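Trainee: Could we walk through this one together? I'd like to start with whatever the database record marks.

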Amino acid sequence: MPTLDPAVASRLKRDDHGLVAAIVQQHDTREVLMLGWMDDEALRRTLTSGRVTFWSRSRQEYWRKGDTSGHVQHVVAVSLDCDGDALLLEVDQVGAACHTGTRTCFEAGGPLPVVRVDAAPGGDR
Ligand SMILES: [Zn+2]
């Protein structure tokens, strides 16, 4: 059995279920498409096959995006965040990313009300 590159595995900070969050973004438009979860094997498959594979927490099985829907995610780039508990997957998304049929999961969920406060001038920290 192939395993995830130890140099990558050693940098992951997994949750209690052995998972890290995977944020999926369309590589050219920068749309944030969806959030999924990966264990080491899902990440290995994603890094080595050109297709995004998640771990399904509800079904407790690997899930290669697009196998049933046709809405394939082709991998363009994968980055790990500063503390190793989240991945950014830049992909080329075919069709809808969300199972409800919308382009992104966040269109499907929709906006929540927010209070906006102007950023302080020069307040970049
Ligand atoms: Zn969705």
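Trainee: Which residues does UniProt list under "binding site"?

Mentor: The UniProt entry, which is unreviewed, places the feature "binding site" at Cys82, Cys98 and Cys105. These positions cover 24 residues of sequence, and in space they are spread as well, with up to 27.1 Å between C-alpha atoms. Please keep in mind that this is a predicted model, and that such annotations may be inferred rather than shown by experiment.

Trainee: Where is Cys82, and is it buried or exposed?

Mentor: Cys82 sits in the loop that runs between E5 and strand E6, the latter covering residues 86-93. It counts as exposed because 6 C-beta neighbours lie inside 10 Å, and the cut-off for exposed is 12 or fewer.

Trainee: And what about Cys105, where does that one lie?

Mentor: Cys105 belongs to helix H3, which spans residues 105-109. Here the count is 18 other C-beta atoms within 10 Å, so Cys105 is classed as partly exposed.

Trainee: Which residues is Cys105 in contact with, leaving aside its neighbours within four places in sequence?

Mentor: With those set aside, the contacts of Cys105 are Leu33, Met34, Ala97 and Cys98. Notice that Cys98 is one of the residues in the UniProt "binding site" feature.

Trainee: Switching topic, in what order do the strands of the open sheet come?

Mentor: The order is E2-E1-E6-E5, which makes four strands in an open sheet with mixed pairing. E2 and E5 are at the edges and have a single partner strand each, so on one side each of them has no neighbour in the sheet. From one strand to the next, the twist averages 25 degrees.

Trainee: How many bridges join E5 and E6, and in which sense do they pair?

Mentor: They pair in the antiparallel sense, over seven bridges. If you want a place to look, find Val78, which stands opposite Leu89 in E6.

Trainee: Now the helix H2, which of its residues are buried?

Mentor: In H2, which runs over residues 40-49, the buried residues are Ala42, Leu43 and Thr46. Viewed down the axis of H2, they fall within an arc of 100 degrees, and therefore they line one face of the helix.

Trainee: Why would residues that are a few places apart end up pointing the same way?

Mentor: An α-helix has 3.6 residues a turn, so residues three or four places apart point the same way.

Trainee: What do the buried residues of H2 pack against?

Mentor: They pack against four strands, namely E2 (32-38), E3 (53-56), E4 (61-64) and E5 (73-80). After H2 comes Gly50, which has a positive phi, near 80 degrees.

Trainee: Which residues have a positive phi although they are not glycine?

Mentor: Among them are Arg30, with a phi of about 70 degrees, and Gln60, with a phi of about 55 degrees. Arg30 is in the loop between E1 and E2, while Gln60 is in the loop between E3 and E4. Arg30 counts as exposed because it has 8 C-beta neighbours inside 10 Å, and Gln60 counts as exposed because it has 7.

Trainee: One last thing, where does Gly18 lie?

Mentor: Gly18 is in the loop between helix H1 (6-9) and strand E1 (20-26). It has 13 C-beta neighbours inside 10 Å and so counts as partly exposed. Although Gly18 and Asp40 are 22 residues apart along the chain, their C-alpha atoms are separated by 7.9 Å.

How values were computed: Residues are numbered from 1 along each chain as its sequence is written. This is a predicted model: local features need pLDDT of at least 70, side-chain atom pairs count only at pLDDT 80 or more; totals for chains, interfaces and linings use all residues. A residue is buried if 20 or more other C-beta atoms lie within 10 Å of its own, exposed if 12 or fewer, and partly exposed in between; C-beta atoms are placed from the backbone. Helices (H or I, at least four residues) and strands (E, at least two) are DSSP runs, numbered from the N terminus. The arc is that of the directions from the helix axis to the C-beta atoms. Two residues are in contact if their C-beta atoms, placed from the backbone, lie within 7 Å. Two strands pair if DSSP finds at least two bridges between them. Axes are lines fitted to C-alpha atoms, for helices over the stretch in contact, and angles run from 0 to 180 degrees between N-to-C directions.
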